Structure formats: structure tokens, C-alpha cells
Amino acid sequence: MSHPTAEQLYTLAEQQLAALTTPLKPKDRMAIPAQEMPAQDPTLRRENMQEVALGYSEAQAKLEAERCLQCPTKPCIKGCPVGIDIPGFIQKITEGNFADAIGIIRENSLLPAVCGRVCPQETQCQAPCTVGKALKSVDKAVAIGRLERFVADWERENGLIKTPHVKPDTGKKVAIVGSGPASITVAADVRREGHSVTVFEAFHRPGGVLLYGIPEFRLPKAIVDREIEELRAMGVEVITDFVIGRTRRLTDLLKKDGYDALFVGTGAGLPKFMNIEGENLVGVFSANEYLTRANLMKGYDNRAATPIFPSRKVAVLGGGNVAMDAARCALRLGAEEVHLIYRRTEAEMPARVEEIAHAKEEGIQFHLLQNPTRILADERGWVSGMELLQYELGEPDDSGRRRPVPVKGSECEMDVDTVIVAIGNDSNPLIRQTTPGLETSKWGTLVVDETGKTSIDRVFAGGDIVLGAATVILAMGEGRRAAKAINELLARS
Amino acid sequence: MNKILHKKRLATDVYQMRIAAPLIASERKAGQFVIVQIDSHFGERIPLTIADADTKEGSITLIFQAVGRTTHLLAEKSVGDTVAHVLGPLGTPTHIEKFGRVICVGGGIGVAPLHPIAQAMKAAGNELIIIMGARSKELLILEEEMRKIADELVICTDDGSYGRKGLVTEPLKDFCASAPKPDLAVAIGPPVMMKFCAETTRPFAVKTMVSLNTIMVDGTGMCGGCRVTVGEETKFVCVDGPEFDGHLVDFDNMITRLQAFKPKEDAEHHRCHLEEIAEKSP
């Protein structure tokens, strides 16, 4: 099957839209074909870093929006971690009122262009969608994420993003540690109330995981930069090259620098390894390192000083979004073969369905129910291969997923020269090591109460540093909660 | 920010720079380092040890050898220029206390990070023996500074052009073998030198700290590019180090890991030079 071009999909949508006869009955809505996301041709895109998904046309967006039944139970809203009025914004799209549509989203979400691209909608808002249920496939649910992206892009591309209104200066100061999605949310929400806000970022560019982790082909950096610009336009001060815990202690911000409250959103940021033989050989990378070299440090550009390891055959370990990102990056950086090794089956993969599909289309080879037991070296101490063990699915574990059980004696070898470990992150130790009295869990995450407050007064936290490795939208939700508590605290004091 | 206040060539390809960084200057402790990036768009991030700091002036001193792309470009900068990005102080500071008799061994450019540690050891009341080594007299740095604080100073050169001819491990062995035995050794220099210092002290059971300089990207624990094998464990140099027990470090693995990007960098460096030559030719 040849890959449909964006033009073909756009033309088809025009015809389908013109053929609709109003008023639409639920049966008619269910009959509207689910709109496919136009994407770069897989054979071309594996050679470039540009965005893969090209976005809906107006006709596609309107058609997809017409598929929504506006059902009275609105299960999608409950599926959204930040509770966006989804039927409300979809209704506005059907009316062609994109300004009101994005306005409704913005009541609850600060980063619609980001979330529309990276949220795992199929397990959140789209999972309980009535249309998907009726058509017996979550793939047939209304494409809420794509619609969100459409109106967010429409707003940005038409220069209609409005800087939120900021209340008069209160004289209160809030410091935010880290500049990822949780921190961006807190910065905006707290600044809106008229408090002065300073964001401290350790890297040379703000954006956190949105910059260093998620590749350009999935989330263009320009979109992230635009969000940061928006914060600056609101009067938020962003200081880069500043690592809290080292350049300045967390508690010094309160005691010496006069901040009235702090938010810690430093993310997960400490890569996990498998603890198998050979993991420190040359050619083994954490996905964090591989992606940071490729994305933030622009390893894909031959002007960049940061080197990328020259790979021919790459194995990526893991089944999440980060694993997909690393695998697809490796392909774009010149690897001849990229193998993805996952110890469960595709059904258990935590990655977004769209990323799995895109990875496969691009030629990433999936090896399911397999796990490496050791990494093999050549005589120089460089990776030459991996020993893999086969697994089969056993009884469900605590997470409800069927536990993979090793098949005895099933070891086999695979020739690779690069291994990228993408099995998750632990929380970064810098803040907790340098902040006495800050309570942490046994996993190293910060312990917070129901408002997001840590064990230290006036210090709040959210995002992956609290949740462990999670998603952008959950980090945003955490940020929202902490910002509310900070605003209440500052209003009282 | 990050303005170069002073620049001095200490030896062939070895430079000393004082850079305005008041916060880092006031927070830094012996043994810590900074991550430096000299171009916001396409620069790489490299770790450099903080050799000294002046809290009054609000400056840190970096001593580096122009060996790679970034250090070459940094060496070309002059007083008044700025360094785009300086992040720090990073790493766990050296554990300083009164151990008794402390022997500090520095090789080549490693004398630079050793100096603040030796200074702090002396200030803590330790008897301080310093062994400094270089390939030749011309490459020896910070002799005056070290002489000021050492109770005993031994200089070695590979070619015998200055001091004792030979490797730093020879006097180190002599000190370990004679009474009173040192209570602690600190060795900083090329990985091979640190490896052999650790091997020299091992039979005498003299605890030996080494400071590792590995490949890093973020310098805050996020990437794990700097990982080394210490005993049975994997450690991150940027947050767990840079100092480790030299008797537990797997130096061979560390030396191999340092070569990871070498073939690629050599090729690019070679290309840069060719371009330079091509540009200069009529």
C-alpha cells in the first residue's frame, strides 16, 4: 500500500465534508470516516529530522469534529488529566469557530500544541470515547489529540496567541527549579496572580524534557521556544546555566534570596540501566544521553561540536515513547539497522500507538518477548553484540500486565555495535542530596501532600520528580495543583 | 556574565583563565568542576576543573590544555571576551580533614585540579608531600604555587629535563615504603598515571583518592555518559564523583570509554585543520 500524501487526504476530506447532509443524526456521524493524520512518507522522513505528522487540514478537522456525538456522559473529560471541556471545544470546531475552540482548551491546558502532539490520548481522553466504544476500537475514537493540535497550530500560525493577563504586582517572589512542562505551568499560573517568578534551568536552553528528550520530528523545538517566549512576555524571568543544589542551595533561595515560595520540577533525570554484564562498554548509552546529543546538542547537524556515536546496527532496549524516540533518532542519524528489544508484547508497550506505528513504518525491527542477558565486547572493549533470552507471558502482575517469564535455554546472540538503554529514569539526586529535611520516597522521588507541598514549608514539587517517569500532561496537572496551592499560600501571607 | 578577566599561557597548549562567575566562586569547594560551552547553538559541553576561586573578585580560575575542539576555541579567546555558558560548581567536593601525612601526586595538567585540594589539605593541618610530574620541564605548571604549600616537594620529568628523571610512581613508592607511612594519597593526572599510582599504593594499603575526568554532557546526572565502574558498582562521575577510591576504579574500562568518540573527533579535527590550511593558501 502506498503512503497517502497530505494533499490526497486533504482533497478526500473536502469531498467528504461537502457530501455531508445536515442535520446529522448519530448514525450519520458514526459513518463519517475517521480522519487519518497526514504524515511524511516513511521512506523520506527516515532521512530527515522534520516533523513526521503534518497536521489536519480545516476540512479534516471539521469532519473529525463532526464524528463527536456530543454524548451526554462526556467520558472523555474524565479521561483527561486536566479535565478539558472536550465536547465543548470540538463543537466549536464544527462551527468553524477555532478561536473559541482554543479558548476552551486554554481554560485548562497551557500547552495545547505540545499535548496535542505528545499526550497518550488512546489511554486517556480517547480510551472511553463513546464513538470508539460503539465502533469497537479505540483507534476509531474521535481523534481528540489531533483536533487539539489543529486548533493550537491554527492559533500559533495565525499569530493569535494572546499573552495571558497578569494581575498587578504583589511584591511576592516565587522561584521555580527546572523548566519542563510542570515548571512552565507553575510559572504561568503563579505569574498570572501578579507574583514575580524566576525560573532556574541547569541547561543552556529552557524547556527541559521537551527540548532534550522529545525529538524535533515529534515536537518541533520552535513550539517549545514559543511557550518559553510566552512566559517571558508575561514577565517571567528565565535564568539558564544555574543548577539549584550546586550554584545555589534550595533553602538559600528562601532564606537568603527572599523568595516566598519554591516549586521543584526537576524531572526524573537519572537514567536506569539493566545492571547486566557489559553495560559500561563503549557503545552503550542511556536514551537520555543519546537523545540529548541528538536533540538539544543538535547532533543531527554537521555544524554541531557534540559528537554522535557512529552506528551501523543499533539495539534499543525498552517499549516506551523514549525507546521509540531513540530508535527513530538512531535511524535518522545514519544507522543501517535499528532493532527494538522489549520483554513483553506490543499490547503492553507504554508508547503511544502512533509512535509505534510510525516506528514500524520507518523500518524499526521489533523483537518482542526478548530481553538481553549480557552485552558482548570485541577485543577493544567496544560493543559487538548482545545475548538475548526469549520470554513468554505468564500471570498478570501488580500493574495488571501479564508478567514475562524467561524461557530456559533460549539464549541467542544478536550482532550490534550500539545499545541504547531506554528502560526509564530514577529521580535526580542533586536536590535531595543538598537539601537536608526534604523527605523522599524509597525511589528517591519527593514526597508531597495533596496540594503538592513537600516536607519543607513553602517548598512545593511536581512532575516526574514526584511521580517518577510519567507524561507531559500529568506533569502539567501536577503543576496546576501546586500553582494553586502556592497562590493560596501567598494570598494568605 | 562569564567574562574572561585574565589569561596566561602556562606551558605549551596549557592556559590559565580567570572568568567572572561570582556565584560559582562563592559556592565552589576543592574538587569541584564546571561545565563549559562556548557556543550556544552548536557548542559541546565539556567538564573543566575549578583550579582556584577569588570570592572578592567573583572569579574562578580554569586551567586547561588545548586538546579538543572546544579547548582550542577557548584558548583562542582573549581577556574581555565571554564564555557563553559556565555551569557549576558540579560534583561532590573533596572530603577534607586532618588525616595526618597526605601525599598529593599530580601529573601534567592534573596539577591544576590538585592544587586546591592540596591547599585545603594543608589548611586542615595535614603534613603535605607533593609529587609533580610532567613530560618535560616546559610542561610543568604551578610549581611556585605548590612549593609555597608543600612540606616536601618532588618534581619528576620523563625526559630528565628538570627534577628527578622518571615517573611519579617511583617517589610515590619510596614514600609509601618509608616510615611514617602516608595516611592518604591523592592522585590526579592522566588516567594511566592514576591507574599506576593506585597500583603503587595498593600493596602498602595507603588509601588513594583519584579524580576522574570523563566524557560528560549535562554534568548533573541526567545522561550517564560519565559512568565508571567502581568496585562492583556503576557510578556517575558528575554526581557521585569526580573523586573515587583509586583502588576500586576500573581504569581500563574508563580509558576505553574515553576513546568512544575519538575516531570521529580525530577525523573532524583533521578536516578542520585541512580547511584552515586551505583557507590560508592563496
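**Close-up views of two interfaces**

Chain A is divided into domain 1 (6-157), domain 2 (173-269 + 427-492) and domain 3 (271-425), with bounds from an automatic or database domain assignment. Please keep in mind that this is a predicted model, in which local features need pLDDT of at least 70 and side-chain atom pairs count only at pLDDT 80 or more, while totals for chains, interfaces and linings use all residues. Side-chain values use heavy atoms, without hydrogens and water.

**View 1. Domain 1 of chain A against domain 3 of chain A.** Here 16 residues of domain 1 are in contact (heavy atoms within 4.5 Å) with 16 residues of domain 3. The two domains bury about 1300 Å² between them, counted as the accessible area (1.4 Å probe) lost on being put together, summed over both. Arg45(A), Arg46(A) and Met49(A) supply 48% of the area that domain 1 buries here, more than any other three residues.

**View 2. Salt bridges between domain 1 and domain 3 of chain A.** The rule (a side-chain nitrogen of Lys or Arg within 4 Å of a carboxyl oxygen of Asp or Glu) finds three across this interface. Elsewhere in the listing for chain A, Glu354(A) and Arg146(A) meet in a salt bridge at 3.0 Å, N to O.

**View 3. Chain B meets chain A.** This contact takes 45 residues from chain B and 44 residues from chain A. The buried area is about 3800 Å², with 57% from carbon and sulfur atoms.

**View 4. Glu27(B) and Arg248(A).** One salt bridge is found across the interface of the two chains; Glu27(B) pairs with Arg248(A), their closest N and O atoms being 3.6 Å apart.

Note on methods: Residues are numbered from 1 along each chain as its sequence is written. Chains are lettered from A and ligands numbered from 1 in the order in which they are written.
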